Amino acid sequence: MTGTYLIVPEHVPQQAAFPAIDAHNHLWNAWERVPADVQVLDACGVAMSCDLTANLALRQVDGGYVYQSSPFENFRRATSAAPKRLYAFTTATFCTPRDQPLFTDPQAFVARTLETLREHVRQGARGLKILKELGLHYRDGDRNLVFADDERLAPIWEECARLGIPVLIHQSDPVGFFDPIAPANEHYDSLRKYPDWSFADARFPRKAELIRRRDRLVAAHPRTTFILPHVANYPEDLAYVSALLDRCPNVHIDFSARLDELGRQPYTARAFFLRHQERILFGTDMPATPEMYRCYFRFLETYDENFVPPDYDGTFSRHRWRICGIGLPRHVLAKIYYRNALRLMPGLRPAYRAACAALKPETEATEQE
Ligand SMILES: [Zn+2]
């Protein structure tokens, strides 16, 4: 990457304009990190953070990581030092290793999932998280891929509606992850560093199919609230995502790990955020560091130009292009930083209020609409 001779003003907010809820993050059972993470949350004015995969740990293996299930109870036990600052989703039973079938007996799998889900919700889980492995890796007993819109899974989404919890489902990935790893690919540097992120191989379904099936799923379960992370995993085409949000009132999005995509189309992104201000959650999906959080605030709150966004792993050393901020008005920032999250997860309100008080009483968010 070459440097730049451009001189433009810099305004880096030290704290979010309102006590924020980071609705997309992962602890991966690394409990020893909690005290340091909470210090970062304090420094940046982040009231709460969600561990989406509270029943999973990561184990490092050659060339990548593998998931390992871990008891959901651990989450509460291990975060007892900061119970008001962290909340959790569960993956319930959607956590088998990639090389093993998700199920051989679909009815038994669904029954086990419902039971696990209810138990985790009793223990405090605020939602169900579905990993991108569904549709890419998970297979049934006949070795066929299990897709998001598989009818056999339908009772699970209906149960989430009954329990009043959202489903955060990750399907597909950046367009470049499905194209060959070559210099012409926008994501060449990242894919060279993490070849595991590439789905260019023909054994994987194409992005268009994953998106089509996911959109079929959310339309088929209008009573269930779906959160589609990473700008519904199609920030390269905001008109598409906008039409999806218009069509499906049960759909919300987060924009975690997509500042790069949004900040390179700031006019379009700003119009998108204004139009869908009720449907967008703040989330980062990156290790908690002050630099990372402040870059998100800078994107949302300022009109700064030509700054470097974090890459998917939260580092700033690789970047594909520089971005511009979208300078959102305060009433929109309030919705995106916390109000929309509290509307979807009203059970978080007491903890959120307590966290705000602990943060800095004078910045405590007001609740009147
Ligand atoms: Zn994530």
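Asp22 is found in strand E1, which covers residues 20-25; helices (H or I, at least four residues) and strands (E, at least two) are DSSP runs, numbered from the N terminus. This is a predicted model, in which local features need pLDDT of at least 70 and side-chain atom pairs count only at pLDDT 80 or more, while totals for chains, interfaces and linings use all residues. Residues are numbered from 1 along each chain as its sequence is written, and side-chain values use heavy atoms, with hydrogens and water left out.

- Asp22 is buried and yet has no salt bridge, since the nearest side chain of opposite charge, that of Arg33, is 8.9 Å away. Here buried means under 20% relative accessible area, exposed means over 50%, and partly exposed lies in between (1.4 Å probe, protein chains only).
- A salt bridge is a side-chain nitrogen of Lys or Arg within 4 Å of a carboxyl oxygen of Asp or Glu; for charge, Lys and Arg count as positive and Asp and Glu as negative, whereas His and the chain ends are not counted.
- The side chain of Asp22 is instead joined to that of Thr284 by a polar contact of 2.7 Å. A polar contact is a pair of N or O atoms within 3.5 Å; within protein, one must be able to donate a hydrogen and the other to accept it, and residues adjacent in sequence count only if both atoms are side-chain atoms.
- Not counting residues up to four places away in sequence, Asp22 touches a set of residues including Val46, Cys50, Tyr87, Phe282 and Tyr293, where contact means heavy atoms within 4.5 Å.

**Salt bridges**

- Side chains of opposite charge can pair when their charged atoms come close. A search of the whole structure finds 28 salt bridges.
- One of them joins Glu209 and Arg213, whose closest N and O atoms are 2.8 Å apart. These two residues are four residues apart in helix H6 (residues 207-220), so they are separated by about one helical turn.
- Glu209 counts as partly exposed because its relative accessibility is 22%, and Arg213, at 21%, also counts as partly exposed.
- Arg214 and Asp215 form a salt bridge through their side chains (2.9 Å, N to O), and both of these residues are buried.
- Glu278 and Arg343 form a salt bridge with their closest N and O atoms 3.7 Å apart. This pair links distant parts of the chain, 65 residues apart, with Glu278 in the loop between helix H10 (266-275) and strand E10 (280-281) and Arg343 in helix H12 (residues 330-344).
- Glu278 is partly exposed, with a relative accessible area of 37%, and Arg343 is partly exposed at 40%.
- Through salt bridges that share partners, Asp149, Glu151, Glu209, Arg213 and Arg216 are joined into one network.

**Nonpolar cores**

- In soluble globular proteins, nonpolar side chains tend to be buried together. A nonpolar core is a set of buried Ala, Val, Leu, Ile, Met, Phe, Trp, Tyr and Cys residues joined through side-chain atoms within 4.5 Å.
- The largest nonpolar core has 105 residues, and those that touch the most other members are Leu134, Trp157, Phe255, Phe273, Phe282, Tyr293 and Tyr337. Helix H12 gives the most to this core, with nine residues.
- A second, separate core has eleven residues, among them Leu27, Ala54, Phe75 and Ala125.

**Aromatic pairs**

- Rings of Phe, Tyr and Trp (its six-membered ring) pair if their centres lie within 6.5 Å; planes under 30 degrees apart count as stacked, over 60 as edge-to-face and the rest as tilted. By this rule the count comes to 28 aromatic pairs.
- In the pair of Trp197 and Tyr312, the ring centres are 5.7 Å apart and the planes stand at 80 degrees, so the pair is edge-to-face.
- Trp197 lies in the loop between helix H5 (188-193) and H6, and Tyr312 in the loop between helix H11 (290-301) and H12, so the pair ties together parts that are 115 residues apart in sequence.

- Leu359 lies in helix H13 (residues 349-359) and counts as buried because its relative accessibility is 16%.
- Leu359 and Leu41 are 318 residues apart in sequence, while their C-alpha atoms are 8.8 Å apart in space.
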